[in-house]
Every structure is written in C-alpha cells, then in structure tokens.
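Dear colleague,

Please find below the structure that I am handing over to you. My notes on it follow directly after.

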Amino acid sequence: MFTPRPPYRVAIIGTGGIAHAHAEALAELSGRADLVAVADVDPTRAAEFAGRFSVPRVFDNPELLLEREEIDLVHICTPPRTHAPLAALALGAGVTALVEKPTALSLRELDELAAVQEQTDARVLTVFQHRYGAAAVRLRRLVEAGALGRPLVATCETLWYRPDEYFEVPWRGRWDVEGGGPTMGHGIHQFDLMLSILGPWSLITALADRRARPTDTEDVSVAAVRFDSGALATVVNSLLSPRETSRLRFDFEYASVELEHLYGYREEHWRFTPAPGHEELAALWAASEEQDVTSGHMLQIETVFDAWESGREPGVSLLDARRTLEFAAATYASAFRGVPVAAGELTDDDPFTHSMDGGALPWERVKEALV
C-alpha cells in the first residue's frame, strides 16, 4: 500500500456544517497537513468556506478536484447518500477517503465499496471520532488486558432533541438520503464506541417508532443486545429528549465505568467506580499521561497520520465500519419484523442488506418527493 509522507495534502468535498469541524481539526494539525482544495456544488458556499480557512483552490466538481490536485487524503462531508459514490471516486483516483458516518446507506452498498477498495492501494476510513478520546483508548486497553474482569452489563443512550423545523431541510428524514433516523445518523457514534469496547455482538431485539417528528424515518429506537462475551446491553437512540445527553455505562466484574457528555468528551466526563476489594484499580485508571483533549475529529485525523508514519493500517477500516453498520441494520430488521436478529443473519439476499427500512416500513411516508 502506498504510504503518504508529511506534510499531507488534504482536500474536503462538501463545505456544509460538519466540514467546518474537519477544517478546524486540520488547522490544529498545522505543519502535518495542508488543506489545499475544497469542492462543493454550491460555489458561493465553497468560496466562503475557502476564504474562512485560507484554502487556495475551489472546485464545483469533486471529480475535477481529484483529477487536478495531488491529494493524500480527502474528507467527504456531504449528505449521506453521496458518501459511498464519492468514496469510490476517491479510490479510483488512488486517494484515501475519510468519510463522515454513515459510510454507506446499506450493507450491500458498503460491500460494493469494499470490492472497489480491493482493486486499489487507497483506503476508505469512517469518521467515528469518539473512539479516539484518551479515556476511551485507555478503557479499551484495560479491557483487552483483562484488568477489569468480564464485561457484564452496559447501557448506551443518545438522548438528543431535534424540533420539527430540523426536518424542513429537504434531504433530512429520508431513508434514501440519510439511511435512517437517530439509529443511523445520531446514536451511531455512541454505539460504535460501545462496540469498540465490548467487541462482537451476537443478538439484537429492538423496537423503533416515529412518535412525534415529521420524518419518514424513526425518531426513536430501543434495543436489547447480547454480546459474544455474554454481556447484556441496552441501546436507546432518540431525537425527542429535551434534556440532551449522550451516556454510556459499562459494568465489569471489578469496576463500573461511566461517560456522560453531549457531542464530545474530556476526562471530566468519565467516572470510574471500583468494586469492593478492587480499589487499587482507581489508581490504574487515574494513571494517565494522555493529553486531555475533547474527543473530536482532530484526534482521529492525527491517528491516521500517526498510522501512516509508523507503517500501520489507519482506522476506522471498512471492516470495522461494517460491524457498526450491521448493528444498525439488525436494529431496524428486528424492530420492523418483530423478531430477534442474530449477527450474520442479514445475508446478501435479505431486504435489510439492501436498505435500512427493508421495505417493511410500518408507517406512511410524509416527506414530499425530492425534485
């Protein structure tokens, strides 16, 4: 695999809201990366973005950007429906793509993207930045070492609030553009972090509903999960919760580890409680030399560069992203079919591998057709 060398030449496709987080992260990594070009179908927005972040070249066509610029990494910050096609375009140009979640709208689309990747030296990486906060890295290390004992119970809650007006944006709330509701577009960050800590899941039993919002997708889902380790977890994804919070709790044999934040965490958002007789673990948890930086895009981008410089494969790979996407697909399949769904059960001919609603949506669509 071709390994880029610093300073890395970086481009961004899509200059909407989330692209600003990417550009700000790259600014924090000044000296290691240069943001050399952006592309957006809205030339005015692209020009304003380029002016704010001192980007020298602006394109209204991502294909033209990839043809004309020598790029090591392209950040894809467009609406979800375009993620996989743009990632495939980057692969065709030999450029590694860092793609906002979800990588693809279905398991089939992601598998097709993986087949394209196999023919190139480039990679598709998915933005799951909360994996890279210092405390999450430390927790994975302690779990892998067995220091906390067996994982027993976990809770994962993304309790956010989006008013009706949020869905006035034409592409929001559509299965064919976003892939789903809070399960795909909001809670996926928290349960991806949970999966990175607890490992493979084996069975999901779920419910999903559209309780209040003018959307074709769900606005809430609830799942009970069994992991290969035997651990049990609950997962709630909501856009109906006025007091917003993102919450994770892991109960191991020897300690409870809790996280409560909203859109990014620091050390102060974690709580570690050792079980009686294991008080020495509190010192092990506190013995941290990691920099206390808010979990965010900068940490993941930095980790990509670190991996290149040490000859390792950077994360989050398509294989890792597929495990998380399968968790979302199984949540929908279980909710809409009314049965538990096992890991690996959604094979290629299953409707829920083709789309997250599986053609089994139990309510009428309310969004007007896109022109």
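The notes below take the sheets in turn, then the core, the aromatic residues and some details of the backbone.

Please bear in mind throughout that this is a predicted model.

V10 stands opposite L35 of β2.

Helix α3 (residues 62-68) contains L64. With a relative accessibility of 26%, L64 counts as partly exposed.

**The eight-stranded sheet**

A further open sheet has eight strands in the order β13-β12-β11-β7-β10-β9-β8-β14, and its pairing is mixed. Here β13 (270-274) and β14 (341-342) stand at the edges with a single partner strand each, so one side of each has no neighbour in the sheet. Strand β12 (residues 255-261) pairs with β13 in the antiparallel sense over five bridges, and A255 has P274 in β13 as its bridge partner.

Two helices deserve mention alongside this sheet. Helix α12 packs on the sheet and touches β8, β9, β10 and β14, its direction making about 55 degrees with that of β8. Helix α9 lies across β7 (151-161), β8 (201-209), β9 (220-227), β10 (232-238), β11 (240-252) and β12, and runs at about 0 degrees to β11.

How many residues of helix α9 (residues 188-198) are buried? Eleven of the eleven are, so the helix is largely enclosed by the rest of the structure. The buried residues of α9 include H189, Q190, D192 and S196, together with F191 and M194. Just after α9, G199 takes a positive phi of about 85 degrees.

In soluble globular proteins, nonpolar side chains tend to be buried together. The largest nonpolar core in this model has 109 residues, and M194 and F305 are the members that touch the most others. The helix that gives the most to this core is α12, with eleven residues. Leaving aside residues up to four places away in sequence, F305 touches Y8, V10, L29, R32, A33 and L73.

**Aromatic residues**

The whole structure holds 17 aromatic pairs. One of them is formed by W175 and Y332, an edge-to-face pair with 5.2 Å from centre to centre and 75 degrees between the planes. This pair links distant parts of the chain, since W175 belongs to helix α7 (residues 175-178) and Y332 to helix α12 (residues 318-337), 157 residues apart.

Are W175 and Y332 buried or exposed? W175 has a relative accessibility of 8% and counts as buried, and Y332 is buried with a relative accessible area of 0%. Both belong to one aromatic cluster, together with F336, F352 and W363.

Charged groups also sit over aromatic rings. The charged end of R162 lies over the ring of Y166, 5.5 Å from the ring centre, and that of R172 lies over the ring of W171, also 5.5 Å from the centre.

**Backbone details**

Most residues other than glycine have a negative phi, and most peptide bonds are trans. The following positions are to be read against that background.

- P6 and P7 are joined by a cis peptide bond, with omega about -5 degrees; P7 lies in the segment before β1.
- K101 and P102 are also joined by a cis peptide bond, with omega about -15 degrees; P102 is in the loop between β5 (96-99) and α5 (107-117).
- S54 has a positive phi, near 55 degrees, and is not a glycine. It is in the loop between α2 (43-53) and β3, and at 63% relative accessibility S54 counts as exposed.

With kind regards

Methods
Residues are numbered from 1 along each chain as its sequence is written. This is a predicted model: local features need pLDDT of at least 70, side-chain atom pairs count only at pLDDT 80 or more; totals for chains, interfaces and linings use all residues. Side-chain values use heavy atoms; hydrogens and water are left out. Rings of Phe, Tyr and Trp (its six-membered ring) pair if their centres lie within 6.5 Å; planes under 30 degrees apart count as stacked, over 60 as edge-to-face and the rest as tilted. Helices (H or I, at least four residues) and strands (E, at least two) are DSSP runs, numbered from the N terminus. Buried means under 20% relative accessible area, exposed over 50%, partly exposed in between (1.4 Å probe, protein chains only). A charge sits over a ring if NZ of Lys or CZ of Arg is within 6 Å of the ring centre and within 35 degrees of the ring normal. Two strands pair if DSSP finds at least two bridges between them. A nonpolar core is a set of buried Ala, Val, Leu, Ile, Met, Phe, Trp, Tyr and Cys residues joined through side-chain atoms within 4.5 Å. Contact means heavy atoms within 4.5 Å. Axes are lines fitted to C-alpha atoms, for helices over the stretch in contact, and angles run from 0 to 180 degrees between N-to-C directions.
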